[in-house]
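Biologist: I have a chain to learn about. Can you walk me through it in short steps?

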Amino acid sequence: MSKIDGMRGFLASSIASSIGVACAAALAVQLTPPATAATARPMGGAARSASAAVQPDLAGSTQSLPLAPLASRTRSISGAVAEQGLIRPDVRHFSMVGVIWDNPDTELHGGVQVRTRAVGDGTWSTWQSLETHNDDAADPGTAERTSGRVRGSTAPLWVGDSDGVEVRVRAEGAPRTEETARGPRAVTAASALPSGLRLELVDPGEETGADDAPALAPHGMPAEVPRAGALAAESSEALAVSAANADVAPLGATEIPELSQASTVRELRALRGSELTASQRAKPYIGARPRIVTRRGWGANEKLREKGFGYTKKVKAAFVHHTASGNGYRCSQAASVIRGIYRYHVKSMGWRDIGYNFLVDKCGTVYEGRAGGVAKAVMGAHTLGFNTNSMGIAVLGSFGARKPPAAALKAIARLTAWKLGLYGANPRGKTYLKSGGGNLYRKGKNVRLNVISGHRDGFATDCPGTQLYRKLGTARSTAARYQGR
């Protein structure tokens, strides 16, 4: 046994012991003091104050700004405020935006638009719409859903390094006016906007998250695994996450390398041999394990999430999502986008961790999502009502009108061929999942679904976008072929 293997075994057992007695503690959501909505128009680059030049916090940060009525004329005849927003020409740097509100069960019937000012040249973007129906969520009745910290939210939008923002939230059916002898009069009632609307400005930060964790090399090769002494000095949260993958990678690894088909079969027998039938041991259907960037590799700050991990019994199905965060990122920025989504899910939306089990960028790189081990059946918060015995895969981007890249589709097929193969699932097949409750199926109903389904198959939503949803048939057949079926 090598020194690093010995250290890995020692640390894994020590961590497992400490985790077993640790209490799962929720992190308090830290919000910046309420700011008064500005009334002036956004200033040009030359007029910005010195405060706008402040560099991003290396550890990342979230600015939470309350929205306010934009004008008295936007009040409907029923008294509901039909339009809220704010203008902030000088804020700390951020790269991702979203809007949240108090009650996660309240829908926002209307539109949300933002425009942002780029750091450097000071130019303002065009108005961009946020996806208002962010239907990724923990199942009803679970501890994560009933924690009292969960909020309603839009999907987050990646906007790049910015230091100014303007947002407007307009209710569906916002009132129009007509002139009368007594002046203008509202003639259309507007839907009520949710209470507690706030704009979240997320800076994903630059640090790697794990204490002194090495970054991935620019060419994508794995960075050097930290020395045992450095690992011993890391936080218990970072060590626990790394130890959860100890059956497939050394402690401190920034990536889990791809395996050959033969090596994957040997790994399957080692991981799940006692659960395999005689025929499965003789001829297992599984795709070669793809390369996966670990949480350490994309820079997860493990102190953000709740301690401990949640598991389900098996993985019978995979739900494919898009993040609806826009397509304006470079693949070199994917880790930053994921750090932003992670921070938004935990600090803004009140979840215990990032909701998806895996994420895929447009260049086809696969990333570990919710902590607990990539080969294990980790309980996610991705498909309301169907998180039990399933996994969620989110492609970074928006695919309502834009076709998903071929590299991303191939990554979905490779990932599902491997992970579903660990649990004996046929990517081209059907399976039954029991609904935990949602807007399509009542709680307790057994629902027959494709083993590889889109988010919209389990919940009434546009996710994963029409263009990505249309490609799932190809992903199913390709994944089955990778499994040798």
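**Aromatic rings and helix packing**

Modeller: Let us start with two residues: F319 and F386 are both buried, meaning under 20% relative accessible area, with exposed over 50% and partly exposed in between (1.4 Å probe, protein chains only). This is a predicted model, where local features need pLDDT of at least 70, side-chain atom pairs count only at pLDDT 80 or more, and totals for chains, interfaces and linings use all residues. Residues are numbered from 1 along each chain as its sequence is written, and side-chain values use heavy atoms, with hydrogens and water left out.

Biologist: What kind of aromatic pair do F319 and F386 form?

Modeller: Rings of Phe, Tyr and Trp (its six-membered ring) pair if their centres lie within 6.5 Å; planes under 30 degrees apart are stacked, over 60 edge-to-face, and the rest tilted. Here the centres are 6.2 Å apart and the planes are at 40 degrees. The pair of F319 and F386 is therefore tilted.

Biologist: Why is the pair of F386 and Y441 called edge-to-face?

Modeller: The ring centres of F386 and Y441 are 6.0 Å apart. Their planes stand at 85 degrees, so the pair is edge-to-face.

Biologist: Is Y441 buried or partly exposed?

Modeller: Look at its relative accessibility, which is 24%. Because of that value, Y441 counts as partly exposed.

Biologist: At what angle do helix α4 and helix α8 pack?

Modeller: Helices (H or I, at least four residues) and strands (E, at least two) are DSSP runs, numbered from the N terminus. Axes are lines fitted to C-alpha atoms, for helices over the stretch in contact, and angles run from 0 to 180 degrees between N-to-C directions. Helix α4 covers residues 261–272 and helix α8 residues 406–422, with axes 10 Å apart. The angle is about 35 degrees.

Biologist: Which residues of α8 make the contact?

Modeller: Contact means heavy atoms within 4.5 Å. From α4 come T264, E267, L268, L271 and R272. From α8 come W418, G421 and L422.

Biologist: Which residues does G364 touch?

Modeller: G364 sits in the loop between β15 (358–360) and β16 (366–368). Its C-alpha atom is 4.6 Å from that of A407, 43 residues away along the chain. Not counting residues up to four places away in sequence, G364 touches A407, A408 and A411.
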